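Subject: Structure handover and notes

Hello,

Please find the structure below, with my notes after it. Could you look through both before you set anything up?

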Amino acid sequence: MNQDLLTAFHQLDIRVGTVIEAKPFPEALKPAIKLWIDFGPQGVRKSSAQITERYTPEDLVGKQVLALLSITPRQIGNFMSECLVLGLQEESLKTVVLIQPEQQTPNGWKLA
């Protein structure tokens, strides 16, 4: 693997966290859900996720997800999104499936 690519990958702060709260986000331009995610030592971060095709807020509480923490927070309507939840997206760009660890993992563990 190209050393520059490997170095760039290791600079990304991708961690596992548990969704502790989820609410509809009707004010967003595109359908979305507001998430509050516990990343253990990294604290609780908020995210706006366009995942309404497959998930409801009730589905998400208690789920573990992977998210990129090394981003600049972004104002989305009246909500500050502080991390980017990661998912797999189909070609039509409508359906997103969240990336989750296979087993329960301590919050804050970093993708290596």
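I start with N78, which sits in the loop between β5 and β6 (79–81); helices (H or I, at least four residues) and strands (E, at least two) are DSSP runs, numbered from the N terminus. This is a predicted model, in which local features need pLDDT of at least 70 and side-chain atom pairs count only at pLDDT 80 or more, while totals for chains, interfaces and linings use all residues. Residues are numbered from 1 along each chain as its sequence is written, and side-chain values use heavy atoms, with hydrogens and water left out.

N78 has a relative accessible area of 54%, so it counts as exposed (buried means under 20% relative accessible area, exposed over 50%, partly exposed in between, with a 1.4 Å probe and protein chains only). Apart from its neighbours within four places in sequence, N78 is in contact with F25, E27 and K34 (contact means heavy atoms within 4.5 Å).

K94 belongs to the loop between β8 and β9. Its relative accessibility is 56%, so K94 is exposed. From K94 to Q50 the C-alpha distance is 8.9 Å, for a separation of 44 residues in sequence.

S48 is part of strand β3. It is buried because its relative accessible area is 15%. Neighbours within four places in sequence aside, S48 has contacts with F25, A32, I33, I76, F79 and S81.

T18 is found in strand β1 (residues 14–24), and its relative accessible area of 14% makes it buried. With neighbours within four places in sequence set aside, the contacts of T18 are W36, I37, D38, G62, K63, Q64, Q104 and N107. P106 is 88 residues from T18 along the chain, and their C-alpha atoms are separated by 9.0 Å.

G108 comes in the segment after β9. At a relative accessible area of 7%, G108 is buried. Not counting residues up to four places away in sequence, G108 touches R15, V16, F39, G40, P41 and Q42. Between G108 and Q11 there are 97 residues of sequence separation and 16 Å of space, C-alpha to C-alpha.

**The largest pocket**

The largest pocket has a volume of about 760 Å³. The search runs on a 1 Å grid over the protein atoms alone: a cavity is a set of points where a 1.4 Å probe fits but cannot get out, whereas a pocket is an open set with protein on both sides within 12 Å along at least five of seven lines, and lining residues have an atom within 4 Å of a point. Grid points are joined across faces, edges and corners, and the volume is the space filled by probe spheres set on the points.

Which residues lie nearest the centre of the largest pocket? They are S48, A49, Q50, I51 and Q89, out of 27 lining residues. Two or more lining residues come from each of β3 (44–49), β5 (74–76), β7 (84–85), β8 (87–89) and β9 (96–98). By class, the lining has 15 nonpolar, 8 polar and 4 charged residues (Ala, Val, Leu, Ile, Met, Phe, Trp, Tyr, Cys and Pro count as nonpolar, Asp, Glu, Lys and Arg as charged, and the others, Gly among them, as polar).

**The chain as a whole**

There are 2 helices and 9 strands in the chain, in the sequence order α-β-β-β-α-β-β-β-β-β-β. The C-alpha atoms fill a box of roughly 45 × 30 × 25 Å along the principal axes.

Of the 112 residues, 35% count as buried. Among contacts with a separation of 6 or more, 58% are between residues 24 or more positions apart. The chain exposes about 7100 Å², and carbon and sulfur atoms supply 53% of that area (Shrake-Rupley method with a 1.4 Å probe; for residues, only the protein chains shown count as cover).

Regards
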